[in-house]
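Dear colleague,

I am handing over the structure that you will be working with, and below it I have written out what was found. Please keep it open beside this email as you read.

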Amino acid sequence: MNAYAESVLAQLKKRHSTQKEFLQAATEILESLSLVFDKHPEYEKAGILERFVEPERMITFRVTWIDDSGKVQVNTGYRVQYSSCLGPYKGGLRFHPSVNTSIIKFLGLEQILKNSLTGLPIGGAKGGSNFDPKGKSDNEIMRFCQAFMAELYRHIGADLDVPAGDIGVGAREIGYLYGFYKKIKNDTSCTLTGRGLAYGGSLARKEATGYGLVYFTREMLAAAGQSFEGKTVLVSGSGNVAIYAHEKATQLGAKVVAMSDSLGYVYDPDGIDLDLIKQIKEAERKRISEYVKRRPGAVYKAGCSGIWTIPCDIALPCATQNELDEEGAQHLISNGCIAVAEGANMPTTLEAIELLQSHDVMFGPAKAANAGGVATSALEMAQSSQRIYWTFEEVDQRLDTIMCNIFRNCAEAAKEYGHEGNYLIGANIAGFIKVAESMMAFGIV
Ligand code: NDP
């Protein structure tokens with residue numbers, strides 16, 4: 001690693017030794033960026049890397065709400081406004097008990113590069129809470145969202161910071177968050193994306209991350225003379241990203257044979273019935289184990305990591321961070337998997353990535369492959385500004401073009417820096433250069 005990148009990483013490790021997800025993301029990024037600093041010594045002089053890894057602003061706040069039994073509950077809320085170099089802060093909100101500073105910072109750092117890759121004018125941010133929406137009533141969810149927004153509203157705005165959904169924050173939560181924001185701030189502008197179609201949302205936003213993942217993967221496969229047609233695919237998770245990755249992969253001729261949730265996975269050799277998954281996970285909000293009760297030919301296994309033992313051609317991890325480790329990667333390799341593309345953020349451990357790449361498995365990194373969601377959020381912002389709605393086909397077409405451009409930029413950057421076919425290095429470099437150039441233009445701020 002270049003000495004400058006190495007010294008910044010060493011500092012981060014010393015100062016944030018307990019933030020393991022953040023350090024993992026920073027290590028992956030800085031290893032790739034090493035090549036950039038060899039070529040651009042002026043960045044070191046301007047302290048670009050030290051500034052890049054330090055959030056512009058980090059907000060932590062108390063969220064107090066009352067549950068259905070009348071008991072007072074307290075959670076922690078977070079918003080990291082990481083970089084506004086390229087435009088208003090933009091990034092989702094995650095509600096999950098595991099949320100902490102490390103997870104929010106890793107997601108925020110990734111988001112800067114992802115948003116840059118979209119080619120759209122958006123900076124990087126992320127936020128959320130350690131609140132667990134599972135098992136809560138609609139009223140509890142609403143009270144929590146209102147309490148969360150009662151603090152967050154001070155820090156966001158259509159030209160300042162525009163949050164969206166992520167794990168645990170879907171259409172219902174966005175509705176409650178936006179409804180309360182609008183009421184207390186007296187502002188109807190596009191301050192949250194992923195909004196319902198009736199009140200400012202964009203067609204195809206719901207589908208965008210999953211569809212975008214498949215468009216990126218289609219390009220990656222095409223570069224190697226391959227396609228989705230006739231391929232067997234594993235999709236981990238059964239949330240927003242996973243469902244629409246399944247839908248688009250199937251439309252392109254693949255068969256998705258397994259999906260999962262946080263308790264286990266289902267394997268259906270006939271192909272997972274997506275309508276049934278939508279019914280169980282979206283409409284009924286039940287466990288994926290329900291699937292086998294209604295499809296007796298399928299098998300349910302407890303535990304998430306076993307999904308990677310199923311033979312496949314293409315694996316799309318779409319659940320959460322570090323869900324695909326070295327052992328999982330080894331199974332994929334042994335079973336002849338040709339491509340892994342990340343729908344979730346950082347689902348593959350550093351060791352697993354290295355193993356996959358050393359066995360020539362094509363690897364599509366999250367910041368490029370799952371950028372379709374935030375790209376379409378930016379299209380939602382554009383439509384809101386113009387007071388118009390585009391058709392589903394128009395949005396989908398723009399999404400497809402954006403994903404093709406992202407793939408091309410990653411491929412070109414990888415080649416320019418001597419690592420042809422390494423889309424991880426390509427994504428980090430292509431995303432970073434624009435941010436670094438903006439920082440250089442702004443002077444020391
Ligand atoms: P959802 O909340 O809709 O779905 C998450 C899915 O992952 C659920 O099936 C959930 O299972 C499963 N899951 C959660 N935690 C774990 C765990 N520890 N082990 C195994 N499975 C788990 O979230 P999204 O689909 O929106 O997000 C999934 C990933 O995609 C996240 O990494 C997110 O950051 C990323 N992403 C999302 C975007 C979006 O537009 N939504 C954009 C870009 C990235 P269960 O039902 O049991 O909770």
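Which polar backbone atom is 3.0 Å from an oxygen atom of the ligand? It belongs to Val241, and the pair counts as a polar contact, that is, a pair of N or O atoms within 3.5 Å, where within protein one must be able to donate a hydrogen and the other to accept it, and residues adjacent in sequence count only if both atoms are side-chain atoms.

Before going further, please note that this is a predicted model, in which local features need pLDDT of at least 70 and side-chain atom pairs count only at pLDDT 80 or more, while totals for chains, interfaces and linings use all residues. Residues are numbered from 1 along each chain as its sequence is written, and side-chain values use heavy atoms, with hydrogens and water left out.

The shell around the ligand holds 25 residues, with Lys134, Asp166 and Ser262 among the closest (near means one heavy atom within 4 Å). Helices α8 (205–223) and α9 (240–251) each supply at least two residues of this shell, where helices (H or I, at least four residues) and strands (E, at least two) are DSSP runs numbered from the N terminus.

**The strands**

An open sheet of seven strands runs in the order β9-β8-β7-β6-β10-β11-β12, with mixed pairing; two strands pair if DSSP finds at least two bridges between them. At its edges are β9 (299–302) and β12 (362–364), each of which pairs on one side only. Strand β11 (residues 339–341) pairs with β12 in the parallel sense over three bridges, and there Ala339 stands opposite Met362.

Elsewhere, β1 (residues 57–66) and β2 (residues 72–83) pair in the antiparallel sense over 10 bridges, with Ile59 opposite Arg79. Their hairpin has five residues between the strands, and in it Gly70 takes a positive phi near 90 degrees. Strand β2 also pairs in the antiparallel sense with β4 (residues 124–129), over six bridges, and Gly77 has Ser129 of β4 as its bridge partner.
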